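Open the model in your viewer and keep the sequence panel beside it. Each stop below tells you what to select and what is there.

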Amino acid sequence: MSQKEFPTHARVVIVGGGVMGCGLAYHLGHEGWGADTVLLEKAELTSGSTWHAAGQITHSTSSYGLGRMVDYNIGLYSKVLEEETGQAVTWHGCGSFRLAYTEDEMDWLRHTLSVGRALGFNIELVGPEFIARKHPFYNLDGVLGALYTPDDGHVDPSNVTMAMAAGARQKGVRIIRRCRANNITQLPSGEWLVETEQGAITCEHVVNAGGTYARQMGEWSGLQLPMTSMTHHYLVTEEVPEFKDLDVELPVVRDDRMVSGYIRMEQKKGLIGIYEKENSNSVWEDHCPWEAENELFQADYDRIMPWLENAMERMPIFAELGITREVHGAISHPPDGNPMVGPAPGVKNYWCCCGTQIGIGWGPGLTRELARWMVHGAADINMRDYDPRRFGSYATKDWQVIKAHEDYKLRHEIPFPHFNRLMGRPIKPSPLYDLLKDKGAVYEEVYGFERPRWFARGGVEQRDHYSFRRTPVFDMVAEECRAVRERVGIMDVTAFTKVEVSGPDAHALLDRLVANRMPQKDGGIILTHMLNRRGRIELECTIVRMAADRYYLVCAAFFEQRLLDHLAQNKGDEDATVTALSSDWSALSLNGPRSRDVLAACTDADLSNAGFRWLSAQEISVAGHKVWSFRMSYAGELGWELHMPNAACLDVYTALWSAGEAHGIANYGSFAMNALRMEKAFPGAGELTNEVTLPEANVMRFTRLDKSYLGVEATRASAERVDLPWICTYLEIEPDGIEDGHGGEAVKLDGKVVGATASVAYGHTVGKILAFAYLKPHATTPGTALEVLIAGKPRAARVLGAPAYDPDSLRPRTDSAA
């Protein structure tokens with residue numbers, strides 16, 4: 001192909017030449033697809049949001065998965081990229097501080113320290129004296145401490161993107177500049193047609209790396225990709241006299257409380273970046289103009305002035321200096337602030353590589369994982385938080401804008417555990433929403449649904465109580481757990497994904513996709529996993545055989561679109577119909593030793609072991625409504641799940657509540673549900689991720705190796721390995737009555753890090769902190785003594801060989817209310 005020939009076919013076409021598009025091209029090249037990848041850019045590379053980025057990157061993150069990506073990025077920028085490509089990246093390895101003024105902020109830093117220890121980072125919690133030695137010009141009044149990450153730094157955004165573009169070209173990627181795409185459509189063959197100003201390209205995979213154009217580009221293909229462009233300021237001062245004679249560059253300072261942003265050196269000048277808390281600004285809500293190139297907006301000092309004044313107070317040496325450069329540019333913000341990296345919903349081989357508000361800091365690690373996903377069928381790092389399919393049709397354009405403003409204002413707030421974003425809600429309330437709210441429900445949003453977290457009572461205020469430590473919610477959750485364990489509890493689980501697969505070949509389709517043996521009789525129930533071709537876990541689901549040609553699937557709410565896509569994209573010529581029922585059907589969970597008494601008062605069905613066996617399903621009548629009833633319990637108690645059309649839910653709940661009052665019935669929420677499942681050692685979404693195979697997840701009891709299904713070869717290979725990289729392990733941890741852990745904490749054996757926690761919760765019934773952790777195999781023997789770093793301090797821990805509660809699982813099978 002000559003330089004002037006425009007390609008008509010490619011395996012991959014990437015649309016967008018910023019840090020995300022060039023990063024993906026670079027990594028696709030390294031994964032072996034470079035020679036058949038084309039990148040299109042409407043203007044010049046980096047001419048969108050990339051070019052005006054401040055370019056900072058830090059190890060200071062409380063996310064274990066994101067931490068792995070950031071560490072890769074820093075290594076790439078500081079050494080690898082320039083050596084590989086010969087292209088200068090202008091890396092400044094000056095380190096950074098994240099300051100804390102309050103105990104809440106210190107707790108955040110302590111947790112981040114624990115995560116950093118698990119990842120092997122060079123990271124320390126330091127006091128004001130240490131900060132002053134490293135940064136003598138910062139006003140530390142009120143500062144309690146800081147997280148010091150000396151390997152951090154900043155990089156020139158254009159240089160690093162150009163270097164990745166050079167690396168991509170070295171691997172055979174074709175980059176075409178000044179070539180605007182104007183349509184992307186899917187052909188009947190399943191291939192994609194990318195139409196441009198210079199011609200059309202047919203490709204197997206298309207990638208939307210359009211930055212501020214990504215949402216409108218998605219509309220070409222009938223996709224709703226929720227993100228909104230928000231404008232952000234940073235300012236550069238005149239030269240700072242005190243900087244002229246410095247031999248080393250000062251660390252970047254992240255001051256979330258006083259500045260709501262960052263301050264650093266820019267050569268011998270000062271740079272101040274601000275995320276204002278009021279009057280945030282969105283632009284291009286309907287359409288980003290195609291002629292925009294290196295676009296900046298006039299600085300709005302009225303918006304940022306309170307925070308700018310604070311910055312001058314914190315850095316008095318800036319106070320008398322003028323501003324030489326005003327950078328006020330647009331950055332994409334998805335509704336929850338996380339990038340959109342992965343498959344687009346509802347279509348095959350359309351990939352999102354967009355919605356990244358911190359492209360320089362996060363981009364290379366994200367694009368490396370996306371390249372692995374595209375080439376090999378799964379990423380190596382958990383991508384659930386970034387999967388574009390985490391949003392549904394409820395994410396309308398007006399809602400997107402509301403949530404983007406919320407996200408912008410939260411950019412420099414403490415990321416408390418279970419932080420609840422309240423704007424734009426409720427969006428998908430269940431039929432019980434108002435009733436349960438009046439009963440004290442504090443709700444969370446999952447895939448648009450409102451789900452009770454916990455119930456306020458006894459004078460505790462009906463709102464979220466945020467802290468890294470125990471709050472009044474701890475005692476509320478304990479009461480809910482006791483109700484389930486000792487009496488009976490009821491929970492609105494309408495948020496569960498509910499899908500029906502029906503037709504003559506329904507069994508054949510599902511049998512090809514699940515790792516467990518399919519239910520053999522009507523009313524049979526199995527728990528199983530669906531895998532990708534690498535044998536990694538796509539999702540866990542419950543399958544109920546309602547008839548020989550009709551199956552009902554239930555899984556976590558945020559996997560709805562993933563489940564629908566997995567079924568659709570792996571369906572061959574089977575005669576089977578997939579129907580999403582989540583928005584039309586409701587569900588209740590009834591658990592506890594008195595649950596049979598309560599349900600019996602509302603139905604004529606025989607609920608005894610003989611009449612309704614454990615792990616079976618029946619259609620029964622409750623409160624005059626036909627209800628699908630499943631005898632199963634995520635709490636590990638005698639219990640049922642009741643699934644029904646929305647119109648029946650209020651009547652069924654009211655009848656069960658009335659019948660349960662004599663037995664001390666109580667509402668419970670997801671916090672109690674999580675604590676109860678941890679007591680029973682039931683792995684959840686935090687453990688069952690795209691990072692792991694079934695043997696690594698330690699769930700082979702739900703697996704069959706003597707049948708054929710997607711991912712079975714990789715599963716067999718993993719099962720035969722004697723050197724698994726890690727194994728999901730169940731732990732008990734010594735409590736201190738103050739803080740219980742939040743996931744991602746380092747686990748040590750004999751003083752050496754052997755893994756990290758995935759999920760942590762206090763088991764109110766057993767009086768222990770319980771955790772799942774991914775550990776090196778030699779640390780997984782039951783009884784092994786370990787240490788877990790919680791809030792930066794070691795706690796004694798021990799590997800458990802059985803559930804902490806009812807290890808023989810006798811209670812869910814009981815035929816009495818003993």
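**Stop 1: a pocket**

Select α13 first: with four residues, α13 gives the most to the lining of the second largest pocket. This is a predicted model, in which local features need pLDDT of at least 70, side-chain atom pairs count only at pLDDT 80 or more, and totals for chains, interfaces and linings use all residues. Residues are numbered from 1 along each chain as its sequence is written, and side-chain values use heavy atoms, with hydrogens and water left out.

Helices (H or I, at least four residues) and strands (E, at least two) are DSSP runs, numbered from the N terminus.

β11 (200–208), α8 (359–376) and α13 each supply at least two lining residues.

**Stop 2**

Show the open sheet of five strands, in the order β24-β25-β26-β23-β27, with antiparallel pairing. Two strands pair if DSSP finds at least two bridges between them. β24 (525–531) and β27 (577–580) are the edge strands, each pairing on one side only. Zoom in on β23 (residues 497–502), which four bridges join to β27. Valine 499 stands opposite alanine 580 there.

α13 (residues 560–569) packs on this sheet and touches β23, β24, β25 (537–547), β26 (550–555) and β27. Contact means heavy atoms within 4.5 Å.

**Stop 2: helix α9**

Select residues 397–410. Why does the length of α9 agree with expectation? At 1.5 Å a residue, its 14 residues should span 20 Å, and its end C-alpha atoms are 20 Å apart. The expected span is 1.5 Å times one less than the number of residues.

Its buried residues (under 20% relative accessible area, 1.4 Å probe, protein chains only) include Trp399, His405 and Tyr408. Among the elements covering them are α6 (214–220) and α7 (301–314).

**Stop 3: a hairpin**

Finish at β34 (residues 746–749) and β35 (residues 752–763), antiparallel over four bridges. Two residues lie between them, and aspartate 750 in the turn has a positive phi of about 55°. Lysine 748 stands opposite valine 753 in β35. In β37, its bridge partner is glutamate 787.

Conventions: Buried < 20%, exposed > 50% of the residue type's maximum accessible area, 1.4 Å probe, protein only. Axes fitted to C-alpha atoms, helices over the stretch in contact; angles between N-to-C directions.
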